[in-house]
Amino acid sequence: MILDNLKTAGTDEPVSITVTGAKITDIAAAVSGGDDTGKVSFDNALVFPGLINSHDHLDFNLFPRFGNQTYSNYTEWGKHIHKNYKSEIDAVLRVPVVLRSEWGVFKNLLCGVTTVVNHGEPSGLNEDLVSIFEDAQCLHSVHFQKGWKLKLNNPFSGKIPVNIHVGEGDDWLSFTEIDKLTNWNFFKRKLIGVHGVAMSESQAKKFEALVWCPESNFYLLDKTASIDILKNHTNILFGTDSTLTGGWNIWEHLRLARRTKLLNDEALYHTINKNAAKAWKLNCGELKTGTDADLVVARIKKGTSGFNSFFLIEPSELVLVMHRGNIRLFDETMLTKLAGIDQNNYSKVYINGVCKYVQGNLPALMAQIQEYYPQASFPVTTTQPD
């Protein structure tokens, strides 16, 4: 398949991308004329690598946001919500974990995420829609993970990175737990921290990477990590966390991050593609021959160019999402261009009134979830709004 006449994010350079099987096999200047066999042409569309969400809890994305104050740290927030929102938490947990995790996958796919790093117990899901990265040792945190010292220093886990919440707060406890973690890292295992709001420059040097989740941080703490400083000492990735502390739409998270001006546009852009691919050792995150064909095509808003075109994207404007060479989502306007595609493998949903075809049976999943949790609300509908 050749995807033709696409502008690349950040440069607006028109390109033609050839996908063979699961890989990108050629990138060239946009083709004009010639043989149209296997070619899909676009008009006023942007292409970029499928987003890599480096921090999510797939089974926690049916929860509404919990909390009604500014907290000093994550332990204070955790105690508060379990005391004050017990019935609301129990209502969501009645939904079987596999159904909750499946929705977490769809939540990411609908936004153009093609790889999600799941923090927690292995999901047990197949990678039929997006890549689910779980090849790391997930420790919750210094204060909530029982036996974390033994697990951190387990000699049989030494070759995979440790993925852990750390420094999630604006107090002494949050700062000192980072030193506690690194001091106990006897075998100098690669640490990928999440949040790092309390992290200092010297502490950052001891981490392979830090996952920045600004929307979650501002919601809980009214503060986020000093990414403008920490970027000089560790690799910065990007994550959404779950809907317990942030919205479902990763594009809103990115725009919030952009407003902080802690990273320039290019640096922020790379937190969700090639930086993440490097940290997790993935063969994606760049539009480059030989990499996995994880890519997204979106409409360009009128009057925008450069990185403005990218950061202003909404899920309703995604035209095509490809994962490992397979089309996982496409806009209704693509029906006539995707010759031979089997519509029976896709379900029809609407995002802000715009029709999308999504691989799998999303309406059935939503209905199953609502049998257990009638209050569940979704950012998509199965019928076109009036």
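Contact here means heavy atoms within 4.5 Å. This is a predicted model, in which local features need pLDDT of at least 70 and side-chain atom pairs count only at pLDDT 80 or more, while totals for chains, interfaces and linings use all residues. Residues are numbered from 1 along each chain as its sequence is written, and side-chain values use heavy atoms, with hydrogens and water left out.

1. S242 sits in the loop that runs between β13 (235-238) and α9, where helices (H or I, at least four residues) and strands (E, at least two) are DSSP runs numbered from the N terminus. Leaving aside residues up to four places away in sequence, S242 is in contact with D56, H57, F60 and N61. S242 is buried, at a relative accessible area of 1%; buried means under 20%, exposed over 50% and partly exposed in between (1.4 Å probe, protein chains only).

2. Helix α9 covers residues 250-260, and its buried residues are I250, W251, H253, L254, R255, L256 and A257.

3. The structure holds 0 disulfides, a disulfide being a pair of cysteine sulfur atoms within 2.5 Å. For C138, the closest cysteine sulfur is that of C213, and because the two lie 13 Å apart they are too far for a bond. C138 is partly exposed, with a relative accessible area of 23%, whereas C213 is buried at 1%.
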